[in-house]
Amino acid sequence: MTENAEQEKHASEVEARIRQLRAIRRRCRGLLKDGPSAVEHGDLLYDEKGLPK
């Protein structure tokens with residue numbers, strides 16, 4: 001494989017990963033109805049007494 005072909009293959013793989021990450025981002029955004037700041041991380045990690053869940 002020539003160097004140019006290797007570079008093109010790498011660029012193609014990077015573009016595929018970018019498309020996958022963007023698809024994940026769209027799915028996650030749909031799950032967060034009020035946006036990412038609407039969820040407090042403490043609510044996810046700790047119970048009402050402040051203890052880890």
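Author: Happy to! Let us start with a definition: like charges are joined into a patch within 9 Å, using residues with over 30% relative accessible area and no salt bridge. Lys and Arg are the residues counted as positive. With that in hand, and keeping in mind that this is a predicted model, look for R22, R25, R26, R27 and R29, which form a positive surface patch. One of these, R26, has its place in helix α1.

Helix α1 covers residues 3–31, and the protein chain has two helices and zero strands. Staying on helix α1, you can find K9 and E13, which both lie there, four residues apart, or about one turn of the helix. Side chains of opposite charge can pair when their charged atoms come close. Here the side chains of K9 and E13 do meet in a salt bridge, at 4.0 Å from N to O. The structure holds one salt bridge, so the pair is left out of any patch, since patch residues must have no salt bridge.

How buried or exposed are the two partners? K9 counts as partly exposed because its relative accessibility is 46%. E13 has 34% relative accessibility, and therefore counts as partly exposed as well. The cut-offs behind this are under 20% for buried and over 50% for exposed, with partly exposed in between.

Now let us move to the nonpolar side of the story. L44, L45 and Y46 make a nonpolar surface patch of about 310 Å². Leaving aside residues up to four places away in sequence, L45 touches L51, P52 and K53.

Finally, step back to the protein chain that carries these features. Of its 53 residues, 0% count as buried. The chain exposes about 5100 Å², and carbon and sulfur atoms supply 54% of that area.

Note on methods
Residues numbered from 1 in each chain as written. Predicted model: local features only at pLDDT ≥ 70, side-chain atom pairs only at ≥ 80, totals over all residues. Heavy atoms only, no water. Buried < 20%, exposed > 50% of the residue type's maximum accessible area, 1.4 Å probe, protein only. Patch = residues over 30% accessible without salt bridge, like charges linked within 9 Å, V, L, I, M, F, W, Y side chains within 5 Å. Areas by Shrake-Rupley, 256 points an atom, 1.4 Å probe, with all protein chains shown as cover. Charge placed at Lys NZ, Arg CZ, Asp CG, Glu CD. Contact = heavy atoms within 4.5 Å.
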